[in-house]
Amino acid sequence: MRIVMLGCGGFIGSHLLNRLLAEGNCEIHGWDLTDDKIKKHLTHPSFCMHRSTISSSAALQEIEQEIERSDVVINLAAICNPAEYNTRPLEVIHSNLFDIYPLIELCAKHRRWLISFSTSEVYGRTVASYLPDKDYDDPNLYELRETETPLIMGPISNQRWTYACAKQMTERLIYAHHMDSKMPFTIIRPLNFFGPKMDYIPGRDGEGVPRVLACFMTALLDGKPMYLVDGGTARRTIVSIHDAIDAILLILKQPNQSQNRIFNIGNRMNEVTIAELADLMRQTYAQITGKMQYKEHPILTINSSEFYGKGYEDCDRRMPDLSKAQELLGWTPKIPLADVLLETMTFYHQNYAQTPVAESALKTCEGV
């Protein structure tokens, strides 16, 4: 199988490369600007790394040549950090919509199978969150179903939704091209993939505000409070990157079952509030370090507008219906949250605990 992979150097891409190259029987051409997470693969005979953006005309010509020779195109390229949705809205929209559109057109032109990674954020807020009593007793009001659940975004002034709207429009473009040219597609909606290498640690190998696990991990490493935005009441389901990669490989191996469909990839059994996640992480870090004081590591609350700035709004709950992945792919997530956190946090502890911290002022965060 010949694969074109955009965003091959990121968190998901690095783990997917690990599995694909280990299994063999594929040739992969990947595009990304960085290779820090995939250095061990750079000399692999079945992998060719192209260091360029996908938006330049020269890169698109090169990508088209590979698409013509490919069996499948996997798009992982994105800006997907909640701290940037309302602070860099134009860049977020361009990255997730306009930069990707030429890729969709090339796949349609050559009728190549496009596997595009979207986001569970396209669902926006649940119907339940808009009801006066926030009724979560009825699954029809909060459960996320790929082809039935309405996609409800907040007002335009809440630019937190730029990412979700751009991803939703990309999904609609893909579906429209499929209807027009019969381009085969698969859309994946990830629900909080956690695992080693998922994010940078501020002050060590990046600056700014990363996603929730790295924010909380930074607080534990630096001895600073873990901050819960608006009390950390939002609920998330967390799935191991290893379970997620299992699902992606099943998609690749079963085109008759997976083409022209949308799949939620998550773990219903691993649902927590962000406040519960913070507590679980400090308990886990006490286990990793053997230092029981981490069990009482400080957790504070901060207002979302104070932390993220104007225009931030959160998704209240993400409970996926996984019946399509289970019935069509034969996939069921297996790894419990405790094991996901232990593996992921052990990676961060081993790689960052002894790393000097930059002098720049940093703050920890909550956001997925």
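Trainee: Leaving aside its neighbours within four places in sequence, which residues is Ile-262 in contact with?

Mentor: Happy to walk you through that. This is a predicted model, where local features need pLDDT of at least 70 and side-chain atom pairs count only at pLDDT 80 or more, while totals for chains, interfaces and linings use all residues. Residues are numbered from 1 along each chain as its sequence is written, and side-chain values use heavy atoms, without hydrogens or water.

Apart from those sequence neighbours, Ile-262 is in contact (heavy atoms within 4.5 Å) with Glu-146, Glu-171, Phe-185, Ile-187, Arg-189 and Lys-324. Ile-262 itself belongs to strand E12, residues 261-265; strands (E, at least two residues) and helices (H or I, at least four) are DSSP runs numbered from the N terminus. Its relative accessible area is 16%, so Ile-262 counts as buried, a label for values under 20% with a 1.4 Å probe and protein chains only.

Glu-146, Glu-171, Tyr-175, Arg-189 and Ile-262 are the closest to its centre among the 16 lining residues. A pocket here is an open set of points on a 1 Å grid where a 1.4 Å probe fits, with protein on both sides within 12 Å along at least five of seven lines; lining residues have an atom within 4 Å of a point. Helix H6 (162-181), strand E7 (185-190) and E12 each give at least two residues to this lining, and H6 has the largest share, with four. By class, the lining has seven charged residues, five nonpolar and four polar.

Helix H6 also takes part in an aromatic pair. Tyr-85 and Tyr-163 are stacked, at 4.6 Å centre to centre and 10 degrees between the planes; rings pair with centres within 6.5 Å, and stacked means planes under 30 degrees apart. Because Tyr-85 lies in helix H3 (residues 82-85) and Tyr-163 in H6, this pair ties together parts 78 residues apart in sequence. Tyr-85 is buried at 1% relative accessibility, and Tyr-163 is buried too, at 6%.

Note on methods:
Buried < 20%, exposed > 50% of the residue type's maximum accessible area, 1.4 Å probe, protein only. Nonpolar A, V, L, I, M, F, W, Y, C, P; charged D, E, K, R; others polar. Phe/Tyr/Trp six-rings, centres within 6.5 Å; stacked < 30°, edge-to-face > 60°.
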